[in-house]
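Me: I have a structure open and would like to learn how to read it. Could you walk me through a few features?
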Amino acid sequence: MKSEAAAPVVEFRGVSKTYPGIRALHDVSLTLTPGTVTALAGENGAGKSTFIKLLSGAEKADSGRILLRGHDVPGTPGAVIDAGVSVIYQELTDVPDMSLLDNLVLGRQPARLGVVRRGAAKRAARAALERVGLAGLPLDRPVRRLSLAQRQLTEIARCLARDASVLVFDEPTSALSEKDTRVLLETIKSLRAQGMAILYVSHHLDELFEIADEIAVLRDGELVGAGPVGEWDEPRLVRTMLAKDMAHAYPWHDRPVGEDRLRVRELDAPGVKQATLQVKRGEIVGLVGLAGAGRTELLKAVAGLSRRSGGKVEVDGRPLPTRAHQVVRRGVIYAPEDRKAEGLVLDASVRDNLSYGVYRSFAHAGWVRRGQQDRLAREAIAGFRVKARDPSQPAGKLSGGNQQKIVLARAAAHTPKVLLLDDPTRGVDVGAKPGIHEHVLALAEYGAAVLMTSSDTDEVLAMADRVYVLRTGRVVGELRRAEFDRERVLRLAAAG
Ligand SMILES: Nc1ncnc2c1ncn2[C@@H]1O[C@H](COP(=O)(O)OP(=O)(O)OP(=O)(O)O)[C@@H](O)[C@H]1O
């Protein structure tokens, strides 16, 4: 529970940070207190990551002060970690082939006269594991043999083994299944009870309401609201984030669909076994399943990004080639979930990222028509509400959610015949999600066959005309929209 008397451990006092042409944080004052979960909310580009970068020592503030237990926060990330502040990101940072013990004490072995004190390291590791509910795990086990949830908890344990007293979670659940999300949230509650000061950043508002004691909202770099969770409800939070009212509504409506556009028959590929499915012209079909069920793998196999070892894939009655660039030429577009690794060239401009692969339609006697490219970029920025200074800005300088919008805008720019969407609104704020859903629906109305999956099962059930349920790489069920029932879908996904 929240301790009323505790003094703040972290204090932001009038902190500002500007990037060329962008005011990322302006005069922000906020405190973090032991035994308290403070949720930081805001739409994409509001300044949440900037706040974390300043706290973690990755970036320097232009003005204002950041105090840690009353002293200025150290100037380098390593010193900040040593001072007890650790950030846990959505991506795992462990070394899979190393043992649990070595991962837990990575870069920080207790040493005396240069000799590593293995016994002390083991004691520290066990104590840290116990605090995250993993007391029984053997310390010599390679972490690759742990479940995803256990690995995520191990990341936290590693921070605890370094004596962290402030934990920052940056969208920690976006890649987790519902079950793993529950485990993580319960662990965070228990860490709060142990007296940790916790900052929690997420676009999942239900999570914020579940675990936060305090909610703070950034908008365009300014702190526009902060107070105990009891003072907030969802409409007020959304209104404060977006400066307007917005009901969260999905745009689905009944509409005619055509002939089979995408046909997959007995497809075998890495993580996919004997999958058979069809998507009609104009239809939105969802793939649901637990983590590891093969949803991403199926999309990748169709997209030519993994090797098919058997079966057939056809688009408009013609066999689909197996190589990614040929697949794109047939109008089959894949929008990946991992935008950093697969989706974008981070050093290239927003404009160039938007037109990669769309070049053919712009190329005129061998050169790219800059005017058209610019128009496409401006339309995409406006249509998807991308927060970018201008089309020449490098994609890597956009906030995470805005990068995701670029991936989707590019997919839309192809006017795809088949659109393969993997977690299309991952990291996207509540204000921008409806726009993305409307674009997906519009592409379907234009004739695209859409095959989508999401880490949010409700999103798939809200958008799809039909779903296939996957389990261990196989299609184990098919439901039409009239039959959608969340419990039934999840039961099917988990059975066996
Ligand atoms: N290195 C940088 N150079 C230039 N601009 C940057 C840089 N990093 C962030 N920005 C800009 O600062 C603003 C705040 O970005 P920040 O990443 O803090 O947003 P966020 O609230 O974390 O968004 P998201 O929810 O999408 O992750 C954005 O307009 C972003 O484009």
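Reply: Happy to! Let's begin around the ligand: β2 (22-32), α1 (48-55) and α15 (400-413) each supply at least two residues of its shell. Keep in mind that this is a predicted model.

Me: How many residues surround the ligand, and which are the closest?
Reply: The ligand is surrounded by 20 residues, and Tyr19, Asn44, Ser49, Ser399 and Gly401 are the closest. Sorted by class, this shell holds 11 polar, five nonpolar and four charged residues.

Me: Where does the ligand lie relative to the domains?
Reply: Look at which domains give residues to the shell. Here both domain 1 (10-242) and domain 3 (344-413) do, so the ligand lies between them. The remaining part of the division is domain 2, made of two stretches, 248-331 and 414-496.

Me: What about domain 1 and domain 2: how many residues does each bring to their contact?
Reply: Their centres, taken over C-alpha atoms, are 34 Å apart. Domain 1 brings 13 residues to the contact and domain 2 brings 10. On the domain 1 side, helix α8 (residues 234-242) has the largest share, with three residues. That side divides into six nonpolar, four polar and three charged residues.

Me: And how do I read a helix pair, such as α4 and α5?
Reply: Check the distance and angle of the axes. For α4 (residues 118-131) and α5 (residues 148-161), the axes come within 8 Å and cross at roughly 130°. The two helices are therefore oblique to each other, and their crossing is right-handed. The contact uses Ala124, Ala125, Ala128, Leu129 and Arg131 of α4 with Ala157, Leu160 and Ala161 of α5. By class, these are seven nonpolar residues and one charged, with no polar ones.

Technical notes:
Residues are numbered from 1 along each chain as its sequence is written. This is a predicted model: local features need pLDDT of at least 70, side-chain atom pairs count only at pLDDT 80 or more; totals for chains, interfaces and linings use all residues. A residue is near a molecule or strand if its C-beta atom, placed from the backbone, lies within 6 Å of it. Helices (H or I, at least four residues) and strands (E, at least two) are DSSP runs, numbered from the N terminus. Ala, Val, Leu, Ile, Met, Phe, Trp, Tyr, Cys and Pro count as nonpolar, Asp, Glu, Lys and Arg as charged, and the others, Gly among them, as polar. Domain bounds come from an automatic or database domain assignment. Axes are lines fitted to C-alpha atoms, for helices over the stretch in contact, and angles run from 0 to 180 degrees between N-to-C directions. Angles under 35 degrees count as roughly parallel, over 145 as roughly antiparallel, 65 to 115 as roughly perpendicular and the rest as oblique. A crossing is left-handed if the near helix is turned anticlockwise from the far one by less than a right angle, and right-handed if clockwise. Two residues are in contact if their C-beta atoms, placed from the backbone, lie within 7 Å.
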